[in-house]
Each structure stands twice: as structure tokens, then as C-alpha cells.
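Please look at the sequence and the model below with attention to the ligand and the protein around it.

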Amino acid sequence: MIETIKTTKTRIHEVNWDKLEFGKIFSDHMVVMDYKDGQWQAPVIMPYGPIPINPSISALHYGQAIFEGLKAYRMEDGGVSVFRPKKNAERLNKSAARMCMPTVPVELFMECLTQLVSLDRDWIPKGEGESLYIRPHMFATDEFIGVRPSDTYKFVIFTCPVSRYYTKELRVKIETTYTRASKGGTGAAKAAGNYGAALFPTQVAKNAGFDQVLWTDSINHEYFEESGTMNIIFRTGQVLLTPTPSDSILDGITRDTILQVARDWGFLVEERKISVREIVDLMKEGKLHAAFGVGTAATITPIRVINYDGVDYDLGAFEEGIFAPKVSAHLSALKRGQIEDIHSWNYRID
Ligand code: COI
């Protein structure tokens, strides 16, 4: 059992459960685990709150900071399940390796996560589109301003009751000036710096009336990579087109889940390089039937308008029952235990 210091004053009664916004409310507890002397020390569960740090820690200066995002759901039978958490543990470790940070043994990650979610299970909202978002993260804590990997780290998990990240269909712009990630860079890692670097181009796009950007490759801006905060999937008829994960594209777990469901349902899935030209041609011919962003926070977010070279292509209203709305309803039912979990994706922590 992980040492647990319980809060003496829960904040759960302060939450307005009818008006949950993404990422603004934090549950009562968090897990904190320190890395020093070449190993992880015993984790502690404690009340959510400030962690003392010094201004010289390397995470603040050189960006040794990584994170994950996953969700817990309230099941129909009253139990709790977390969706594919081991995939997040594995991906955290890939990000750690890329950023010269220590890996967290998967069993230890699972123990921390399980006990935290179990303790704060009353914070899991029950409504449609709602869940408990779980944010594991790690940052470098050496007080040293030379550039080298830190010898000490903190691994922390906190959780937030959330509703949808995007609440409407998106207008996105194909980005051909700025770059999210380059070949050989850190794009495949869930490194904090990737998100920081995307803020400015996203702000420019927002100022021009868009909700997000569709990133393209850093060399010629010729091929799609991902969208801000999510992977991208296009649909033409019964075929789904999506860029293959690479060293500049995050290997999304929601992406993997949706492609598996698509295959189960007999859709053809093409994971390959998807060129901007190909998608623009499909849009011109009226043959791009849908585009959607997929991610843990975003779930499945419909894209209504794609802008390229100053032209808006309107993909029309999301069609009921074709693919994305259907897969969204399917996954929502699966996570709540209302339909059979044939791939054993739900990790129950009852
Ligand atoms: C997630 O989908 O969990 C993410 O980490 C995206 C995010 C930056 C909100």
C-alpha cells in the first residue's frame, strides 16, 4: 500500500457538477514520487496542492518535463474503469527515454494510478462526455544551471473531473509556415516543450478565426502530421486515412483505439503519408466525407472547415451514424461497461 496522507477538508462539495470545464478543477489528492540516488523513492499520496521547488530546477530552464493524459470512467454497475492505462505507462517511458529521464516501472505506475483513482473515486463525474482526466507527469528537479540531464526528478499524478475539451465542430487551418516537430526531433514524445512551441502558431491561427492548426511536415509542408492536441483522421467513403506515427507525430492511444474499431467494423484503414494535395483534391471533388481529431482530451472532435491557402472547405455537418458519431457512442458505451469489451481495454479498479 502506498503511504497516504488524506485531506482533512474535501473540496468536492465546492464543485459545480452541472458546469464542468476541462482542466480547471482538481480532485482532492495527488501522488508524488521522487527520483534520487539512481532510483525511485517510495510514492506518497497527499492532498493536492503546491509542491515546493527552487527557481534553478532544470525543468524550468531546459524543459526536461513530460506528461501523459488518460481517463477514468464510472461504469454502469457502479464500478470504475481506466481506459488502456498501460499504454500510457509505456508511452511515458518512451518519452522519458527521449528526454534522458528515468523510466517508471509499469507496475509502479499502475499502483500509483490505481490507488489515487480509487481514493478519489467520488470525483468521477457520471454524465455523458464526462470522465476523470488523469495527468501523470515528470519533471527534472536538479538545482543546477549547466546543461545536462538532471539526477533528480519528481513524478506526480493528479486528476480532474472534466467534460468535453472541444465543445463544437472545429475550423482548422492547414499550417504551412510554422512547424510543430521536425524529423529527428521530439515530436513523438509527450514533452512539455512541444506544446509550448505550438502556442504561438495556434494563437496566430486563432486570431485569423480558426480553432486549431493542422500541422504539416517541417521540410516542405507537404504531408499531414497531427492537429493541435490530437491526431487527425480523414474519411472518404469506407476508407479512413491517417498519417503513420513517426518521430514527429505522437502515437495516440485514442487514435489506435479508433482505428481498431474501424477495422472491426470493416472499414479500410490506410496508415501512410497523407499529402495535403491529396486531401485538398478530395475536398475540391466533394469526396472528403469527414475529418476528425482524436485524442484522450479531445476524444473524437469533428472538423467542419479546413482552410488551405486562404480557401475554406466546408465538410458539412457531421453525418449521423456513418462513422465518427457512431464510434464515439460505441466507445462511450464500452467505457461504461454497457457493451462487450472485446479487446480488454477497460482496466477495472473496483
Ligand atoms: C490529451 O489528450 O490527454 C492531451 O494530453 C492533450 C492535451 C495537451 C490536452
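Predicted model: local features only at pLDDT ≥ 70, side-chain atom pairs only at ≥ 80, totals over all residues.

Residues are numbered from 1 along each chain as its sequence is written, and side-chain values use heavy atoms, with hydrogens and water left out.

The protein is assigned domain 1 (3–162) and domain 2 (170–318), with bounds that come from an automatic or database domain assignment. Their centres, taken over C-alpha atoms, are 27 Å apart, and 17 residues of domain 1 are in contact (heavy atoms within 4.5 Å) with 17 residues of domain 2. Because both domain 1 and domain 2 give residues to the shell around the ligand, the ligand lies between them.

Surrounding the ligand, each with a heavy atom within 4 Å of it, are Phe67, Gly69, Tyr133, Arg135, Tyr165, Lys190, Tyr195, Thr229, Thr296 and Ala297. This shell divides into five nonpolar, three polar and two charged residues, in a scheme that counts Tyr as nonpolar and Gly as polar.

| Residue | Polar atom | Distance to a ligand oxygen atom |
|---|---|---|
| Tyr133 | side chain | 2.5 Å |
| Lys190 | side chain | 2.8 Å |
| Ala297 | backbone | 2.8 Å |

Taken alone, the ligand exposes 280 Å², of which the protein buries 90%, the accessible areas coming from the Shrake-Rupley method with a 1.4 Å probe.

Conventions: Polar contact = N/O pair within 3.5 Å; in protein donor to acceptor, adjacent residues only side chain to side chain.
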